[in-house]
Amino acid sequence: MSQPGTTSAPGRTPAWRYAIGMFGTSIPINMIKGSMILFYVDILGLDVRAYGVVMVIYAVIDAFDNPLLGHLSDRTRSRFGRRRPWLLVGAPMLAACMIAFFSAPASLQGIGLLLWFAVFAILCEAFDSMLNANYGALLPELYPQERDRAVANSLRQGFQLVALVISLAVTPLLTTKVFGTEETTEGFQITAIIYGAVALVVIVIMALGARENPRYSTREQPLLLRSVWSIVRNPMFWTVGLTGACYGIAMALVLSGIQLYVRYSLGLPVENALYLQGIVILISAGGLAVWTRVVARRGALWTWRLAFAVLAAGFAALFFATDLVTAIAAGVLVGAGWSGMLATNDLIVARVLDADAARDGEHREGLFLSAFGFFSRLNGIVTGLALTSLGVFFGYNSGDDPGTDTGLAFRVYLCVYPFVLTAIGAIAARLISVPIETPPVAAAPVEPPPAGPMNESAAEGDR
């Protein structure tokens, strides 16, 4: 095995080439998350209690397979790199499982429908985890300096927002008007085939162009138990992970419930979700450049705290919307806060990864990011429980048994629950400190940093 000093530095990966991968990874999973309740519960009649049980099981499985996939990626040694093989395998598998997810036979009912939903929901999430563990781990490796990292991250979040316009805002139009109707499933299957093919092509283009640092593959392969123990003993893993989960779970609720919010709370046809989601996403895309400039001037931590507060305010405003116009007005504020979280959340996590690599001399970004993913994977449990709660409090059990106050039910689901989560996150963010930017030499083994407070808050205090 060659030594770090004998390996040549890789060529620079253009930021756009890396960033476009976010477009491919976002389309499949966001169509799934954004349409699964409408498809399985409202159209096919799956009971929300059965849905909630599956989502809890799915979240538990995903919470454990995610770190394992990240660890296997960290230990991969091949002439194609550590991350690329997983990306090239995961992309076609996710596309195939997504198509199957939206191809449930019309004859399925009861336990048959439940099993089809459970199997393909879990498989889709597993292959999405495989893709994102490897794609996310490339960010700190390809762009060690925070300014370069912020640009690449903003570009990839921009591509994600374009994917969201398609997979969330345009999907209701395609599935219920262009390729199908509001009461049939054919439109979902056709749309899934198109999205799967596009995602596969984009991810392959990104993976083949990513120039991994060969020095990272020449190090000793990290051991699972030792690495996990080191991560769970890191206080920042818990503080940053749980706080970030408040944002991730809130957005998972929004993505899964927006179409039913439009149908029941606003009393409009589902295709009107196009306008509400489209405005929110466009505002988020336009705000990325602004938030990136704020990061450059005030730092990632300060900007992250502000974005949390703006997002919470947006959910509060959305609760009081009574028609499409007022919902769009509130959505502008939601989009602004969401844009700030997109621009900063991954930068906060990357600071923690940098500090871990500098301290221990091991690059285990795949495992560390997947461990952080444990918290975001809790959204499956929370969304399942949140949907089940609508049956308890408002009588909504399915499209066949919607209860007597469905409008308020989905107003609570889409606005109240996310507001509570983001308000908690905004408060917690005020209490968190993260390491100052780690220089690029962190890519090589270094001595442990000297004792003392080395966090951004302290650095800001010196300015």
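1. Buried here means under 20% relative accessible area, exposed means over 50%, and partly exposed lies in between, with a 1.4 Å probe and protein chains only. By that scale Ala 296, at 45% relative accessibility, counts as partly exposed. The residue is found in helix α11 (residues 273-298), where helices are DSSP runs of H or I of at least four residues, numbered from the N terminus. Ala 296 and Arg 147 are 149 residues apart in sequence, yet 7.3 Å apart in space from C-alpha to C-alpha.

2. The model is predicted, so local features need pLDDT of at least 70 and side-chain atom pairs count only at pLDDT 80 or more, while totals for chains, interfaces and linings use all residues. Residues are numbered from 1 along each chain as its sequence is written, and side-chain values use heavy atoms, with hydrogens and water left out.

3. Leaving aside residues up to four places away in sequence, Phe 101 touches several residues, including Ile 32, Phe 39, Trp 116 and Cys 124, contact being heavy atoms within 4.5 Å.

4. The axes of helix α4 (residues 84-101) and helix α7 (residues 186-209), which are lines fitted to C-alpha atoms over the stretch in contact, with angles from 0 to 180 degrees between N-to-C directions, come within 9 Å and cross at roughly 175 degrees. That makes α4 roughly antiparallel to α7, a term for angles over 145 degrees.

Methods
Helix = DSSP H or I, 4+ residues; strand = E, 2+ residues; numbered from the N terminus. Parallel < 35°, antiparallel > 145°, perpendicular 65-115°, else oblique.
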